[in-house]
Amino acid sequence: MFRRALPAGLLSLVIALALVPYMWPQPALRQSLTELGSTLLAYAAVVGFLSFLEAHFHRVGARAEGWPYSLVTALTALAFLLLSLAEGGLRGNGLAGPWTGWLYQYGLLPLEASVGALLPFFMVLALWRLLRTRRSAYVLFFVAGVLTTLVLHSGGTLLPTLFGSFYETFLSPLATGGIRGILIGVAIGVVVMMMRAFLWIDRPLGR
Amino acid sequence: MELMGIVVALLLTLMILSYLIDDTAVYRLAASLLVGLSVGYFMAVMLWNVLIPQWREIMTTTDSLRRSLLFLEVGLGVLILAKGVPRLGLIGDLGLAVALGIGLGTAGAGAVFGTLGPQLMAGTGQGITLGLAATLLALLAAQFYRPPTRGRILESIWTGIQALGRAVWAFALGTLFGGALITGISLLIGRAEFLIQTLSQWWR
């Protein structure tokens, strides 16, 4: 009982405290809470990083399927962090070091951009599968939305000009209104989640 | 060093794009490197932008109130670190409760003042329009409210409204999908440009 009530009570108290600067403007309190939040996130990231390393080295130790990839993943993460620590120790900021910068510019950025470049292939394939497996009116509306965006951004053609007034009158309000409805729904969901934790209906901690 | 970097970037790009042929060991190696570098970079950012400046400030600040606040932050951070030790789970939960509370409170306030308020104002500000109707239909399709069943006609009207709402959802999500597709195509063009430029320079 106590084990679950204590974190839940503290959680409610902190939620109430975090809401205070929005109801009653207190810039200093707001800044302190933001700083505290980012600091705790950083400590949580340390726990997450250690857990990440443990999980991958466990796979390597157990010779689980695909263990060489786990070894590469864990060693790369560890090497990057140690390199930034070594460069930071010498120069004061580990992210501004030449080797860290080199790895970021010629390692991380090309990898991220290349994975992003694969995205259109995956998306077109997913769209094709959707069209083949599900035959409903909603799929047609979805495809209409996709085509609308593609036609409007088809540079170098007359399509955006020809299609423009129809889009502005009918399709743009439909898309904007729909996205607004989704955003409002997500916001209501976030508020409900906060209220459930505040009122102890959900107790995510103390298990 | 720059030439070596371009060679590495070229190889990594080709390794990732090899997935278009098949899911090979080369692609998986590049994907592992991507995950490792991303995690390492994220951790380095946390360390150098948040934790180390804070530890340095504790040692240098002369303001006692500021120092107390910094010690409180470090103390709560140590509580979160205790979460990594199963025996100290309860202590770790206290630190996580503070972190989660700040996150939930800020997200909830942001949702009310940053999303709900402005979006409702923007949606209703121009009177009854097609956009407002689309918003209402999209919200009704999410089934936040379901009226009690009163006869076949009302039931069929409700079903029709929900179907229209789902159609609005499908169209809106389709436009978002199209936007993401365009972003992906831009990245593909960027990578293709990089490959062509680099290879053509070497060919000369």
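**View 1. A:Trp200, in the segment after α6 of chain A.** This is a predicted model, in which local features need pLDDT of at least 70, side-chain atom pairs count only at pLDDT 80 or more, and totals for chains, interfaces and linings use all residues. Residues are numbered from 1 along each chain as its sequence is written, and chains are lettered from A and ligands numbered from 1 in the order in which they are written. Helix names come from DSSP runs numbered from the N terminus (H or I, at least four residues, for helices; E, at least two, for strands). A:Trp200 has a positive phi, near 65°, in a residue other than glycine. With 13 other C-beta atoms within 10 Å, A:Trp200 is partly exposed. The cut-offs: buried takes 20 or more other C-beta atoms within 10 Å, exposed takes 12 or fewer, partly exposed is in between, and C-beta atoms are placed from the backbone.

View 2. Buried here are A:Leu33, A:Leu36, A:Gly37, A:Thr39, A:Leu40, A:Ala42, A:Tyr43, A:Ala45 and A:His56. A:Ser38, also in this helix, is partly exposed, with 16 other C-beta atoms within 10 Å. From A:Ser38 to A:Phe52 is 14 residues in sequence and 20 Å in space, C-alpha to C-alpha.

**View 3. Helix α6 of chain B and its cover.** Residues 151-203 make up this helix of 53 residues, which reaches 77 Å between its end C-alphas, close to the 78 Å expected. Its buried residues include B:Gly165, B:Trp169, B:Phe171, B:Gly178 and B:Arg191. Among the elements covering the buried residues are α4 (98-133), α5 (137-152) and α6 (159-198) of chain A, plus α1 (2-17) and α5 (130-141) of chain B.

**View 4. Where α5(B) crosses α6(B).** The two axes come within 7 Å and cross at roughly 105°; axes are lines fitted to C-alpha atoms, for helices over the stretch in contact, and angles run from 0 to 180 degrees between N-to-C directions. The helices are therefore roughly perpendicular, a word that covers 65 to 115 degrees (under 35 is roughly parallel, over 145 roughly antiparallel, the rest oblique). Among the residues making the contact are B:Leu137 and B:Leu140 of α5(B) and B:Leu164, B:Val168 and B:Trp169 of α6(B). Contact means C-beta atoms, placed from the backbone, within 7 Å.

**View 5. The largest nonpolar core.** Such a core is a set of buried Ala, Val, Leu, Ile, Met, Phe, Trp, Tyr and Cys residues joined through C-beta atoms within 7 Å. This one has 53 residues, and A:Leu11, A:Val14, A:Ile15, B:Ala97 and B:Val98 touch the most other members. Helix α2 (residues 25-60) of chain B gives the most, with 12 residues. Leaving aside neighbours within four places in sequence, B:Val98 is in contact with A:Leu10, A:Val14, A:Leu40 and B:Leu76. Apart from this core lies another of 23 residues, including A:Ile184 and B:Phe171.

Notes:
Expected span 1.5 Å × (residues − 1). Contact = placed C-beta atoms within 7 Å.
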